[in-house]
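Subject: Structure handover

Hello,

Here is the structure I promised to pass on. Please open it before reading further.

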Amino acid sequence: MMEKANSTSGLIRTKSDQLVETIAAALGAMRSSISPGESAAAADGGGTLESGGGSLESSGGQLSRKSSRRLTAASPGRSGGKNTHIRKARSAQLKFDVDDLNSGAALSRASSASLGFSFSFTGFTVPPDEISDSKPFSDDDEIHEDIEAGRQKKKLQTEPTLPIYLKFSEVTYKVVLKGITSTVEKEILNGINGSVDPGEVLALMGPSGSGKTTLLSLLGGRVNQPGHGGSVTYNDQPFSKSLKSRIGFVTQDDVLFPHLTVKETLTYAARLRLPRRLTKDEKYQRAADVIYELGLENCQDTMIGGSFVRGVSGGERKRVCIGNEILINPSLLFLDEPTSGLDSTTALRIVDTLHDIAEAGKTVITTIHQPSSRLFLKFDKLILLGKGSLLYFGKASEAMVYFSSIGCSPFIAMNPPEFMLDLANGNVTDISVPSELEDRVLMGNSTAETKSGKPAPAVVHEYLVEAYETRVAENEKKKLRIPIPVDDETKSQVCSAKREWGASWFEQYSILFLRGLKERRHDYFSWLRVTQVLATATILGLLWWQSGSNNPNELQDQAGLLFFIAVFWGFFPVFTAIFTFPQERAMLSKERAADMYRLSAYFVARTTSDLPLDLILPVLFLVVVYFMAGLRMNVGSFFLTVLTVFLCIIAAQGLGLAIGATLMDLKKATTLASVTVMTFMLAGGFFVKDVPVFISWLRYLSFNYHTYKLLLKVQYEHISHSINGVKIDDGYTEVGVLAAMVVGYRLLAYLSLRRMKLQPGA
């Protein structure tokens, strides 16, 4: 027996040496991707091959376990529990063709069902002491791969964060629909219960209109209107404004500035949202880290793009939105349908990213419309909604078992989410019907029967709600009453009274000012706008070619030119500024809901960032018109004309901002602005000389009138005291009135924004 054992042991070593030499040769081609220490360990002639706990040891030493793990990463079917991800092989797939050994032993290839390389040996047994020395592979050293790019990826934000346990019970929400003759109260959510812990991903699933987004907005503290009830707690504490800095919320629509690059978008967000204790360089580094972690470095200098601007892909845009939120290392991350409109591979990558975020100790809640089976299996918990009612809450992996227990199971192989969405819609085609519902159909209940002989959707919905209430609801409610494993000090951190801004007021202003300049420089200097201004200036210069004169009686025509300049640079800015706040409402709501900046800093930055751009086109316009029309050839007069036009522009712009911010509706705002500008033009003092007393006050509200008088003073004060029936005075009154309009209209716009309600889910 001893001789046989020694012979077998020698055979093992001989075969092991041959096998190790084969593996070492294969590893030679991979030295660039494997550390030198591991390569040396493989080349020493030692190795450990594990399969189901068995190991082979050679006299030369052991093959490094990390090398073994890197080899196992090449297996296409490697799985490692709930945190397993699909990974690319480092270099396609390692294949070893080993000849049959002397005793007839055969080496099987790696299969998709194995955890690593599965080796099958015959003719000998492995000693028990060697089996006991072997250790199972660990996921700790796994290499995280970028699915799309096929390269190593840094693990997402592993710095410590405050763990938040989210619980919600009996959550309800109602809206009042006002009709012409009556009002109807509609129930959106009805008694929703659930919980999610740090490190878990909770999916909210249901048909369109089932209340997913409303529930997500309620849990994220984004619904300020009355009409919601129930209890929502964060570490057993109610929602407070200080929680906003710990919550990331990714909306369904990708609300981003189209003309900013990926890097600029995340950098500005980092400078505004990250705490003041971080330096500017540290904030830049955080943005760079997020870009790398999300695999966006290849497109970081590409514009985001939009409807009319080419930019990044849909998946990259969604990752930029997620990056905007994970910059602040949130404890809670809410996402509204992050995979909608994406292909299955990109959607899988997004969900894998969410898993990485959850693994860092964060709580992730996302709505999902109709995920693939691969995506569905990655969720830890599931809430299924139907018409605002709770149809299921629990582990996602146990959902199909639950529905089978209540008599609902598919007749054919179906994607689990597709099956559950059919149930939530009341569609039981290809689904077994519970005996209770079959009895209703057989009894001939016309209200419960459809043409196909199946129960009506309303009856199916009622049955599912009753089944959940009787079988699961009470048990889940008991779980909600279990105290969370968090001490009082951690609980108190959730509701700190102090509200912290990421930057001072001046820093917020300067960041928003620079962002505004970069975003809108493309609009201001578009070839269409420049052509419009220069073409108008050229036509005016040709029509009033060298019309200047020192005779007051010959200046009537040129006075018409000055009035047109006042009207044109009053009309143009009004209709440009009207679009400012209605178009940026979604962005403003999103950023204000996240407490990125003070409204006053945004408003001042938004209005002043337009000023440098607003001055360039009028200067080009006046350079062409002024000299072609032969206006007063004096340096002082030219610059005073430019200043007068500039004062008119910012006054008119204030009116447009006020109208747009007050109405927040482009059709209504355009209609009101058209009537207002036309009235100001007619009352401007050129068309009508003798205005009736009861309406003469209108001209004093018209910026066209005051601009016209100032232009007449600048050009003709040395010739006459009255031109075309308009008296020329010192001009101080006109300057004061225009300055008052500049301030007054903007103050009205700011107060209108201040009372603007944030959109739900913004």
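**Confidence**

This is a predicted model. The mean pLDDT of the chain is 79. Of its residues, 76% reach 70 or more. Among the elements, strand β3 (residues 201-205) has the highest mean pLDDT, at 97. Helix α3 (residues 65-72) has the lowest, at 37.

Two stretches need care. Over residues 1-16 the pLDDT is below 50, and this stretch has 11 contacts in the model beyond near neighbours in sequence. Residues 29-153 also have a pLDDT below 50. Beyond near neighbours in sequence, that stretch has 209 contacts in the model. Where pLDDT is low, the predicted coordinates should not be read in detail.

**The chain as a whole**

The chain has 762 residues, and 51% of them are buried. It holds 27 helices and 11 strands. Of the contacts with a separation of 6 or more, 73% are between residues 24 or more positions apart.

**Cysteines**

Cys321 has 5% relative accessibility, which is under the 20% cut-off, so Cys321 counts as buried. Cys408 also counts as buried, at 4%.

**A helix pair**

Next, look at helix α16 (residues 505-524) and helix α21 (residues 599-608). Their axes come within 8 Å and cross at roughly 40 degrees. That angle lies between 35 and 65 degrees, so α16 is oblique to α21. The crossing of the two helices is right-handed.

Which residues of α16 and α21 make the contact? From α16 come Trp505, Gln508, Tyr509, Leu512, Phe513 and Arg520. From α21 come Ser600, Ala601, Tyr602, Val604, Ala605, Arg606 and Thr608.

**A covered helix**

Helix α5 (residues 212-219) is mostly covered, with six of its eight residues buried. The buried ones are Lys212, Leu215, Leu216, Ser217, Leu218 and Leu219. Just after α5 comes Gly221, with a positive phi of about 70 degrees.

One is Glu170, with phi near 50 degrees. Glu170 is found in strand β1 (residues 166-178). Is Glu170 buried, exposed or partly exposed? Its relative accessibility is 39%, between the 20% and 50% cut-offs, so Glu170 counts as partly exposed.

The other is Lys387, with a positive phi of about 55 degrees. Lys387 lies in the loop between β8 (381-386) and β9 (389-395). At 53% relative accessibility, over the 50% cut-off, Lys387 counts as exposed.

**A buried loop residue**

Last, go to Ala456. Where does Ala456 lie? It is in the loop between α13 (435-442) and α14 (457-480). Ala456 has a relative accessible area of 13%, so it is buried. Its C-alpha atom is separated by 9.0 Å from that of Val428.

Best wishes

How values were computed. Residues are numbered from 1 along each chain as its sequence is written. This is a predicted model: local features need pLDDT of at least 70, side-chain atom pairs count only at pLDDT 80 or more; totals for chains, interfaces and linings use all residues. Side-chain values use heavy atoms; hydrogens and water are left out. pLDDT is the predictor's confidence in each residue, from 0 to 100. Helices (H or I, at least four residues) and strands (E, at least two) are DSSP runs, numbered from the N terminus. Contact means heavy atoms within 4.5 Å. Buried means under 20% relative accessible area, exposed over 50%, partly exposed in between (1.4 Å probe, protein chains only). Axes are lines fitted to C-alpha atoms, for helices over the stretch in contact, and angles run from 0 to 180 degrees between N-to-C directions. Angles under 35 degrees count as roughly parallel, over 145 as roughly antiparallel, 65 to 115 as roughly perpendicular and the rest as oblique. A crossing is left-handed if the near helix is turned anticlockwise from the far one by less than a right angle, and right-handed if clockwise.
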